[in-house]
Amino acid sequence: MSGMIGRRQRRSAQGDVIKEPALTPRKWWYEFQDLWPSRDSELHFRAYVRIEWEVLGEFAGTDSRVAVSMWVQLIAEKMAGEATILRREATENAINHELAIRLPHEDGPVRVLRASVTLDVEEGVLEQAERRLAMRRQMELDNLTRQQSSAQVAFMREEILRDPVNARLHWLLRNPTSEIADEGTWLELVGQASMWSNDSRWVHVAHLVEKFLSGLSVENRRDLLGVLKKVFAGYGGEDLAAEIPDEWGRKDE
């Protein structure tokens with residue numbers, strides 16, 4: 001009986017030795033300012049940061065301050081770097097929302113309880129960002145105008161000025177009340193349209209001649225044009241032979 005009591009006493013003593021008293025967390029807070037880059041080159045947000053955390057064990061408060069500050073900055077500074085200066089308030093709200101959904105954040109003996117960021121933009125920095133935005137918009141507008149002009153010129157060259165019929169039709173569509181837009185004019189255009197159609201034999205032959213000549217060397221083009229002049233003259237087309245050019249293509253070829 002005395003042996004059983006002795007064993008119980010030893011187990012009770014061992015339990016008292018193993019059990020350690022609970023440590024009370026120590027709370028800390030820290031505020032600091034910093035300049036965070038935005039996506040606008042060389043323009044920065046001024047950031048005001050406040051952090052509250054608690055520490056367990058023997059971890060020093062100054063060491064924990066570095067850890068929690070780095071954690072906040074890794075999140076907040078990255079988000080600021082992806083935002084424009086002109087959206088300061090929206091960026092601030094997004095950063096604080098992201099921090100809030102990550103809290104409380106534990107890293108070893110450190111637990112971040114609260115973290116908030118306030119962003120500010122200096123007046124000169126804001127004005128510079130607004131000028132840059134106005135310049136970008138003007139450049140985009142100028143680029144759009146150039147593209148539209150290029151498209152109009154291409155349309156004029158490829159469609160309207162492709163042959164006389166297209167040019168006259170375009171003019172009549174722009175001037176529907178013109179006195180020359182009478183029945184006779186339209187009948188004449190119908191005939192010309194048929195003549196200049198891609199289905200017309202002479203247009204097809206002209207395309208073949210142009211394609212063939214374009215594939216020749218400069219010397220061979222000159223020789224072939226000379227042969228055509230002789231053929232035209234031989235069949236009584238001296239006037240047509242005189243209109244055949246001596247060269248085909250650009251002068252710099």
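Predicted model: local features only at pLDDT ≥ 70, side-chain atom pairs only at ≥ 80, totals over all residues.
1. A residue is called partly exposed when its relative accessible area lies between the buried range, under 20%, and the exposed range, over 50%. Arginine 136 has a relative accessible area of 37% and is therefore partly exposed.

2. Arginine 136 is located in helix α4, which spans residues 123-158. On the surface, a patch of positive charge is made up of Arg39, Arg87, Arg136 and Arg137. Patch members must have over 30% relative accessible area and no salt bridge; the value for arginine 136 is 37%.

3. Side chains of opposite charge can pair when their charged atoms come close. In this model the count of salt bridges comes to nine. One of them joins the side chains of glutamate 31 and arginine 50, with an N to O distance of 2.6 Å. Because glutamate 31 belongs to strand β1 (residues 26-37) and arginine 50 to strand β2 (residues 44-55), this pair ties together parts that are 19 residues apart in sequence. Glutamate 31 is partly exposed, at 45% relative accessible area, and arginine 50 is partly exposed as well, at 29%.

4. A further salt bridge is formed by arginine 46 and glutamate 122, whose closest N and O atoms are 3.4 Å apart. Arginine 46 lies in strand β2, whereas glutamate 122 lies in the loop between β4 (110-120) and α4, so the pair ties together parts that are 76 residues apart in sequence. Arginine 46 is partly exposed, with a relative accessible area of 26%; glutamate 122 also counts as partly exposed, at 45% relative accessibility.

5. Lysine 78 and glutamate 82 likewise meet through their side chains in a salt bridge, at 2.8 Å from N to O. Lysine 78 is exposed, with a relative accessible area of 53%, and glutamate 82 counts as exposed at 51% relative accessibility.

6. The last point concerns aspartate 223, which is found in helix α8 (residues 218-234). Aspartate 223 has a relative accessible area of 49% and is partly exposed, since the exposed class requires a value over 50%. The C-alpha atoms of aspartate 223 and glutamate 247 are separated by 9.4 Å, and the two residues are 24 residues apart along the chain.

Definitions and conventions: Residues numbered from 1 in each chain as written. Heavy atoms only, no water. Helix = DSSP H or I, 4+ residues; strand = E, 2+ residues; numbered from the N terminus. Buried < 20%, exposed > 50% of the residue type's maximum accessible area, 1.4 Å probe, protein only. Patch = residues over 30% accessible without salt bridge, like charges linked within 9 Å, V, L, I, M, F, W, Y side chains within 5 Å. Areas by Shrake-Rupley, 256 points an atom, 1.4 Å probe, with all protein chains shown as cover. Salt bridge = Lys/Arg side-chain N within 4 Å of Asp/Glu carboxyl O. Lys, Arg positive; Asp, Glu negative; His and termini not counted. Charge placed at Lys NZ, Arg CZ, Asp CG, Glu CD.
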